[in-house]
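Q: Could you walk me through this structure? I'm new to it and would like to take it one piece at a time.

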Amino acid sequence: MKFEKHFPTDQLKPYIQYYVVSENESVSEYKVFPSSGLVMGFQYQGQLTCIEGPQENKLSSAGISGISNGYKIFKNSANIGTILVYFSEIGFRQFATQPAHELFNLSISLEDIFDSQDVREVEEQLSLASSDLNRIQTVELFLLSQLKDIEQDKLIMEAVRLIYQSKGNIRIQELNKKLGISASPFEKRFRQLVGTSAKKFASIIRFNSVLDSLEESKSLTEICYENHFFDQAHFIKDFKQFTGDTPEHFKRFS
């Protein structure tokens, strides 16, 4: 199995966190936890499905997933090869006019967002590419062709920074006060650019802080109160929503 990170060219760095080249020779089923930005994927070989209860839904070979409310279960075919594009928190806006929150909890075809001919050309080039470097270059050329000359929203960028700084523990009321903006216009701008509400985004950042803490030699009680959960029950409930597992079981078997 291969899972290798690659970083974007300078022109795309403000909007793309990184790329991943992922390959797996075996059929595999796995969970994906919520991330802080939208994720685009191109299968240059093989097939990916999303499992929802008893159903397996085949995903488009070129698709995009919005921010999610909890974990998702995916299954790949044998000999799958995928390029993943991890957008920065408000990076998606520089490439598409569709508000990011319209993709919340969804995985849709790229042809629903970009010109279908452009998408098919990328897929064809990826299937012919002979190396990871060629594939990354192909995806970058596609992204550069879609890049729009739009000034980034500095207020929402600052909101994202403050949420990270607090590890997801800042109250939205306090955030509004620090930014000097009332709740309603702020919430609308945040959802359109980031892909979910500020409150939900903060809970995802807090969850990822908890995941980092689980790798350290801290007790679950310490992790619970360091991350400002009201009590253990609240901590367990939140953690199960994002992982489908209790913190204790997750820590023991991860």
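Predicted model: local features only at pLDDT ≥ 70, side-chain atom pairs only at ≥ 80, totals over all residues.

Q: Which residue does the side chain of Glu-111 meet in a salt bridge?

A: The side chain of Glu-111 meets that of Arg-120 in a salt bridge, with an N to O distance of 3.7 Å. Arg-120 counts as partly exposed too, since its relative accessible area is 41%.

Q: And how many salt bridges does the structure hold?

A: The structure holds 13 salt bridges. Another one of them brings together the side chains of Arg-161 and Glu-158, at 2.8 Å from N to O.

Q: Where do Arg-161 and Glu-158 sit relative to each other?

A: Both belong to helix α3, which covers residues 154–165, and because they are 3 residues apart there, about one helical turn separates them. As for the surface, Arg-161 is partly exposed with a relative accessible area of 41%, and Glu-158 counts as partly exposed at 29% relative accessibility.

Q: What about Asp-132 and Arg-135, are they buried or exposed?

A: Asp-132 is buried, and Arg-135 is buried as well. They form a salt bridge in which the closest N and O atoms are 3.2 Å apart. Since they lie 3 residues apart in helix α2 (residues 132–146), the separation between Asp-132 and Arg-135 is about one helical turn.

Q: Which residues are linked with Asp-132 and Arg-135 in a network of salt bridges?

A: The network links Asp-132 and Arg-135 with Lys-2 and Glu-23.

Q: OK, strands then. How do β1 and β2 run, parallel or antiparallel?

A: Strand β1, made of residues 2–6, and β2 run antiparallel, and 5 bridges join them. Strand β2 itself spans residues 16–24 and is mostly covered, with 7 of its 9 residues buried.

Q: And which residue in β9 is the bridge partner of Val-21?

A: In β9, the bridge partner of Val-21 is Ile-83. Strand β9 takes in residues 80–87, and its pairing with β2 is antiparallel, over 8 bridges.

Q: There is also an open sheet of 4 strands; what order do they have?

A: The order is β3-β8-β5-β6, and the pairing is antiparallel. At the edges stand β3 (28–32) and β6 (55–58), and because each has a single partner strand, one side of each is left without a neighbour in the sheet. Neighbouring strands of this sheet are turned against each other by 30° on average, with direction ignored.

Q: How many bridges pair β3 and β8?

A: The antiparallel pairing of β3 with strand β8, which covers residues 72–76, runs over 5 bridges. Within that pairing, Lys-31 has Ile-73 in β8 as its bridge partner.

Q: Switching topic: how many disulfides does a search of the whole structure find?

A: A search of the whole structure finds 0 disulfides. Such a pair would need two cysteine sulfur atoms within 2.5 Å of each other.

Q: And Cys-224, is that buried or exposed?

A: Cys-224 counts as buried, because its relative accessibility is 0%. Cys-50 is buried as well, with a relative accessible area of 6%, and the reason is that buried means under 20%.

Key
Residues numbered from 1 in each chain as written. Heavy atoms only, no water. Buried < 20%, exposed > 50% of the residue type's maximum accessible area, 1.4 Å probe, protein only. Salt bridge = Lys/Arg side-chain N within 4 Å of Asp/Glu carboxyl O. Helix = DSSP H or I, 4+ residues; strand = E, 2+ residues; numbered from the N terminus. Pairing = 2+ DSSP bridges. Axes fitted to C-alpha atoms, helices over the stretch in contact; angles between N-to-C directions.
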